[in-house]
Amino acid sequence: MATKHYLDIVLVQEKLSSGETVYVSHCNGLGIASQGSTIEEATKNIKEAISLYLEEFPEKLDDFESGSPPTFSFVEVTHNAKAACSVR
């Protein structure tokens, strides 16, 4: 039975200089990124990039613990620098 490993990805909506909106997906643990015109496309593309990366460097997967998925959190900061934290 294969061991499951969880890699965190972050999706960020960005605007290109042309004004077009794109979604950039980052896999911070592996140091790779991809993009797509929708969240779904960016997610599909980063999964493909991770798969291709691990074909070349399968030992990198050993750096990640198996078990539970990571917890994601972010900090929202307003202009007056008051911070509120949310965990999802």
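Visitor: Which residues does S25 touch, leaving out residues up to four places away in sequence?
Guide: In this predicted model, S25 touches V10, L11, I32, A33, S34, Q35, A42 and I46.

Visitor: And where does S25 lie?
Guide: S25 is part of strand 2.

Visitor: Is S25 buried or exposed?
Guide: S25 is buried, its relative accessible area being 0%.

Visitor: What lies 3.1 Å from a polar atom of the S25 side chain?
Guide: That is the backbone oxygen of A42. A42 is itself one of the buried residues of helix 1.

Visitor: Which other residues of helix 1 are buried?
Guide: Besides A42, the buried residues are T43, N45, I46, I50, Y53 and L54. They lie on the same side of helix 1, because the arc they cover around the axis is only 165°.

Visitor: Which residues are exposed on the other side of helix 1?
Guide: E40, K44, K47 and E55 are exposed there.

Visitor: What do the buried residues of helix 1 pack against?
Guide: They pack against three elements: strand 1 (10-15), strand 2 (21-27) and strand 3 (32-36).

Visitor: How many residues does helix 1 have, and how far does it reach?
Guide: Helix 1 has 18 residues, 39-56, and reaches 26 Å from its first C-alpha to its last, close to the expected 26 Å.

Visitor: What percentage of its residues count as buried?
Guide: Of the 88 residues in the protein chain, 18% count as buried.

Key:
Residues are numbered from 1 along each chain as its sequence is written. This is a predicted model: local features need pLDDT of at least 70, side-chain atom pairs count only at pLDDT 80 or more; totals for chains, interfaces and linings use all residues. Side-chain values use heavy atoms; hydrogens and water are left out. Helices (H or I, at least four residues) and strands (E, at least two) are DSSP runs, numbered from the N terminus. The expected span of a helix is 1.5 Å times one less than its number of residues. Buried means under 20% relative accessible area, exposed over 50%, partly exposed in between (1.4 Å probe, protein chains only). The arc is that of the directions from the helix axis to the C-beta atoms. Contact means heavy atoms within 4.5 Å. A polar contact is a pair of N or O atoms within 3.5 Å; within protein, one must be able to donate a hydrogen and the other to accept it, and residues adjacent in sequence count only if both atoms are side-chain atoms.
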